[in-house]
Amino acid sequence: PGNAVAWVGRAIAYGNLGQSQLAIQDYDIAIELDPDYALAYFNRGNAYRKLGQDQNAIDDYTKAISLDPVDAKAYINRGNAYRELGQYAKADADEAKGYSILGLEPPTGPAPDSNAKENSDSHLNSALSFLENKQYESARRQFNMAIRLNPDNTNAFYNRGVLHSKLKQYQAAISDFTKVIRIDPDNANAF
């Protein structure tokens, strides 16, 4: 029972089976056994994201970063969680830091300008293609960019909600569908 690595291994297996809550319980035990185990915090953050618990995920990614400040994935994933919560400045900073650690430029779209709505639709179309091809993380990034460029893009919110539902991130899906309803109360797709 004292082997934190084994608990993380079992948690990963639970996560692969879609049993995020059981995975979190095993990550909790691993962290109790080894409070400095950065990977346990990182992976538990991923499990929280799958459950749509982005603030818990941010807390775990933050702890993982404090233990391993060059973990690019922790920065990028924390940035994605911030983006889900609408904290775009923090999201952009984390994404930039993560890609900088990797020696890469962060993926960026065109700066918001008079063509922002048109550019938003371009990102939406890319996202839909990624979604159709089951490239879910790429789809999420493109939906996020479409929304950043046009915060009233109900199609982007709606389809990102569909993506979250596919990933069993029901809280995040509810949040996106709620935004569609607020922006366009007559949109029957969101009901």
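## Order of elements along the chain

Read from one end of the sequence to the other, the chain follows the pattern α-α-α-α-α-α-α-α-α-α, and in this predicted model it has 10 helices and 0 strands. Of the 191 residues in the chain, 43% are buried. Among the contacts in the chain with a separation of 6 or more, residues 24 or more positions apart account for 46%.

## Helices α4 and α5

Two packed helices are described by the angle between their axes and the distance between the axes. For α4 and helix α5 (residues 72-84), the axes come within 9 Å and cross at roughly 155°. Because angles over 145 degrees count as roughly antiparallel, α4 is roughly antiparallel to α5. The crossing of these two helices, α4 and α5, is left-handed.

On the α4 side, the contact is made by D54, I58, Y61, T62, A64 and I65, while α5 contributes A74, Y75, N77, R78, A81, Y82 and E84. When the residues of this contact of α4 with α5 are sorted by class, they divide into 8 nonpolar, 2 polar and 3 charged.

## Helices α5 and α6

Helix α5 also meets helix α6 (residues 88-101), and here the axes come within 7 Å and cross at roughly 160°. The helices α5 and α6 are therefore roughly antiparallel to each other, and their crossing is left-handed.

In this contact, A72, Y75, I76, R78, G79, Y82 and R83 of α5 meet Y88, K90, A91, D92, D94, E95, K97, G98, Y99 and I101 of α6. By class, the contact of α5 with α6 has 8 nonpolar, 2 polar and 7 charged residues.

## Aromatic pairs

The structure holds 2 aromatic pairs. One of them is formed by F42 and Y61, whose rings lie 5.7 Å apart, centre to centre, with 50° between the planes, an arrangement that is tilted. This pair links distant parts of the chain, since F42 belongs to helix α3 (residues 38-50) and Y61 to helix α4 (residues 54-67), and the two residues are 19 residues apart. Both F42 and Y61 are buried, and Y61 is also one of the α4 residues that make the contact with α5.

The rings of Y158 and F177 have their centres 5.5 Å apart and their planes at 50°, so this pair is tilted. With a relative accessible area of 22%, Y158 is partly exposed, because the term buried is kept for values under 20%.

At 1% relative accessibility, D176 counts as buried. In space, D176 and A156 are 9.0 Å apart, C-alpha to C-alpha, although 20 residues separate them in sequence. Leaving aside its neighbours within four places in sequence, D176 is in contact with F157, R160, G161 and H164.

Note on methods. Residues are numbered from 1 along each chain as its sequence is written. This is a predicted model: local features need pLDDT of at least 70, side-chain atom pairs count only at pLDDT 80 or more; totals for chains, interfaces and linings use all residues. Side-chain values use heavy atoms; hydrogens and water are left out. Rings of Phe, Tyr and Trp (its six-membered ring) pair if their centres lie within 6.5 Å; planes under 30 degrees apart count as stacked, over 60 as edge-to-face and the rest as tilted. Helices (H or I, at least four residues) and strands (E, at least two) are DSSP runs, numbered from the N terminus. Buried means under 20% relative accessible area, exposed over 50%, partly exposed in between (1.4 Å probe, protein chains only). Axes are lines fitted to C-alpha atoms, for helices over the stretch in contact, and angles run from 0 to 180 degrees between N-to-C directions. Angles under 35 degrees count as roughly parallel, over 145 as roughly antiparallel, 65 to 115 as roughly perpendicular and the rest as oblique. A crossing is left-handed if the near helix is turned anticlockwise from the far one by less than a right angle, and right-handed if clockwise. Contact means heavy atoms within 4.5 Å. Ala, Val, Leu, Ile, Met, Phe, Trp, Tyr, Cys and Pro count as nonpolar, Asp, Glu, Lys and Arg as charged, and the others, Gly among them, as polar.
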